[in-house]
Amino acid sequence: MMLDTKRSGAMKRAIDIKAHFLGLQYPLHLILEMKEHLVDWASRAGVQWLSTIIPTQHVNALIFFFIISNLSVDLFAFIIPLLVFYLAFISMGICTLRVFRSSKGWDNFSALTALLTRFEPGLDVEQAETHFGWNNLEQYVYFLVSVCFVIFSFPVADKRWIPCSELSTVAIFFTALSYVSLSPSAAAYARRALVIEVASSLCALTTRLPSEMALKVLGQTFSVVPLGESVVLTLSLPCLLYVYLFYLFFRMACMRGFKGTYCFLVPYLVCFMWWEFSVVLLQNSTPIGLIRTCVAYFLLLFALPVLALGLAIMLLIQMAKWFLELELTKMLVTLAVCAVPVMLRLWTRFSLSILTILHSITHRGPVKLILLCLTTLVLLCATYVYNTEGMKVYNSTLTWQEYGALCGPPAWTRQGMAQTQLFCSHLEGHRVTWTGKFRHVRVAETENGAQSVINLLPVFMGDWLRCLYGEVYPSCEPKNTSAPVQNTSTYVQDPITANASVLLLQQEEEQLCHIKSVARHQCHVKRFDSYRFEVTIGRLVDGVTEKDDPAGDIILSASHEFKQVLLNLEPGSMVEFSTKLEGKLGAKLPVFELKAIHCLACKSSLLPEGRQVKIERNWRKSAQGAMKFAFDFFFSPFLSARISV
């Protein structure tokens, strides 16, 4: 024991002496090593010091609340379909690549069965192939689920943000790849089905050719036979080819006692889906987009350095443009503010590697993760769409006079307010359009996420950001006093020569000029304001307003989109409005949500023309459009859905 201790002590002293002589022999390496240790220690100490003086939790909370305050239903309706489409498209591509990779396993399996039949002639090769096809069915199921997400999200997504020309080329490539990965046993039917499918699609696409070309006859419709109220049968050459294609599908499924359904038909459906989707993308493409795609792929293959140089030049031009427009400063400030807490947290607590993250995601299965996220997202959106009923007609026969008699002051006198509220709750849900007299409007709530964040910063930083993201108060130069002063009434009398937008800008500038002298700052961020108004409307009795009894009035809660019309209404104006009866019916001054308003006798050019309607998305119409697209995707040109969307 003591001998081992002495040996270890002697070894340690020898290593120390060797390290000392190495330091003397290689002083430059020693200095560089010390520099690296010092830089590492200083960086860690500096980051810890910065994390203590910078309130990262507060900055995170401010960024979170600023993002939340700017979220809206329209933003979600724009982002979610695109997100679902792109994720599902990526999932389709991954599944196709995995199917192609598993085709090598099919070749190995075929070689193994051929070898085994030499030693065991009684081996049932078809049964073995059936079991092999069943055990490798997982990726096909994931692919078909991804196809459903793509089909239902594509008609709802904004096509301007989908490069249909480029994706159509990708879809054609995956069509060829999936056809190559098919098993040799289904080659005869698969080859015939692919030829028929391509011929049917090309004949259908000839309808888009100019009328002078004779090839347009190939896609001509001979007759249309309605099959009920929502489906029509189209008799044409593409229809006949498509019927024969379904016959080939049936023959594939019938092979080996209907075991060909998952051995031959399901693998071919990958090829079928890719080709059908490529045709849909081609129909939504433009000639310029197709030319751009061809040129881009040509450059990608043969002139990649030139393409990289061109992209670098375009990036420099865009950066210079942003700098000239002062948008680059805003972008850098925003990214810096958002990146400070994130970078500090990652640097001090984690040592992340992008390759490690990608490896962990790939190991757990990106397709499963994508499909799980998409399923959760679609279920949440479907719940919201189911609860929102879309555009409604406000044509209830319940009049305001009837409501006042049942739920107004006369009912309170007869049976008390509490009993009246219980009785009037039966009227909830009526969508009414009534006429009344506008009394006044007030701002009930103001939201400004940018102002809330800036107010929490130091004064010098807040003033700089206020001028960076906001606007400077107008110069308010003195006007020519000899010229006649024109007020709003002048513009009202001459609505033809006046522009409403110009008048609104002039009106806003005049208001800012009045407040500039007493304002605390040189700039403001009021353009980020979002208001909620409360409008008081008086009830009419036989065409006369009840001036003496304001208890019969109602309050309408209006969103920010009604700002222009509400701020330019004059007290006493006759207005027609639409709302839904809900909430505290039968109480004094009930509050309803304003759905639409129209001034009946206003002539001001500051008011928008016609009926000002609250913008509501027609979710039912979008869902019907998606269902129609899905039906046509699978059955057109044989059957077509006739749904008015």
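Select the hairpin of E1 and E2. Four residues lie between its strands, and Gly228 there has a positive phi near 95°. Strands (E, at least two residues) and helices (H or I, at least four) are DSSP runs, numbered from the N terminus. This is a predicted model: local features need pLDDT of at least 70, side-chain atom pairs count only at pLDDT 80 or more, and totals for chains, interfaces and linings use all residues. Residues are numbered from 1 along each chain as its sequence is written, and side-chain values use heavy atoms, with hydrogens and water left out.

**The sheet around the hairpin**

Two strands count as paired if DSSP finds at least two bridges between them. Pick Thr221: its bridge partner in E2 is Ser236.

Val232 has Ser640 of E12 as its bridge partner.

**The largest core**

Next, select Phe143, Phe154, Ile162, Tyr268, Phe272 and Trp274. They have the most contacts inside the largest nonpolar core, which has 62 residues. A nonpolar core is a set of buried Ala, Val, Leu, Ile, Met, Phe, Trp, Tyr and Cys residues joined through side-chain atoms within 4.5 Å. Buried means under 20% relative accessible area, exposed over 50%, and partly exposed in between (1.4 Å probe, protein chains only).

Colour the elements that give two or more residues to this core: among them are H4 (73–119), H6 (138–153), H9 (237–258), H10 (260–283) and H24 (619–635). Which helix gives the most? H10 does, with 15 residues.

Zoom in on Tyr268. Leaving aside neighbours within four places in sequence, Tyr268 is in contact with Leu182, Ala190, Ala193, Leu194, Glu197, Phe249 and Met252. Contact means heavy atoms within 4.5 Å.

Then move to a second, separate core. It has 28 residues, including Trp400, Ile554, Ala558 and Phe562.

**The cysteines**

How many disulfides does a search of the whole structure find? It finds two. The criterion is a pair of cysteine sulfur atoms within 2.5 Å.

Select Cys407 and Cys424. Their sulfur atoms are 1.9 Å apart. The link is left-handed, with -115° about the S-S bond. Cys407 sits in H16 (residues 400–407) and Cys424 in H18 (residues 417–424), 17 residues apart. Both cysteines are buried.

Go on to Cys467 and Cys523. This disulfide has its sulfur atoms 2.0 Å apart. It is right-handed, because the torsion about the S-S bond is about 90°. Cys467 lies in H20 (residues 459–469) and Cys523 in E5 (residues 523–524), so the pair ties together parts 56 residues apart in sequence. Cys467 is partly exposed, at 35% relative accessible area. Cys523, at 4% relative accessibility, counts as buried.

Two further cysteines are worth a click. Cys148 is partly exposed, with a relative accessible area of 40%. Cys254 is partly exposed too, with 24%.

**Confidence and the whole chain**

Colour by pLDDT, the predictor's confidence in each residue, from 0 to 100. The protein's mean is 77, and 69% of its residues reach 70 or more. Select residues 350–355: pLDDT stays under 50, and the model has three contacts for them beyond four places in sequence. Residues 480–498 are also below 50, with 11 contacts beyond near neighbours in sequence.

Zoom out to finish. The protein has 24 helices and 12 strands. Of its 645 residues, 33% are buried. Among contacts with a separation of 6 or more, 78% join residues 24 or more positions apart.
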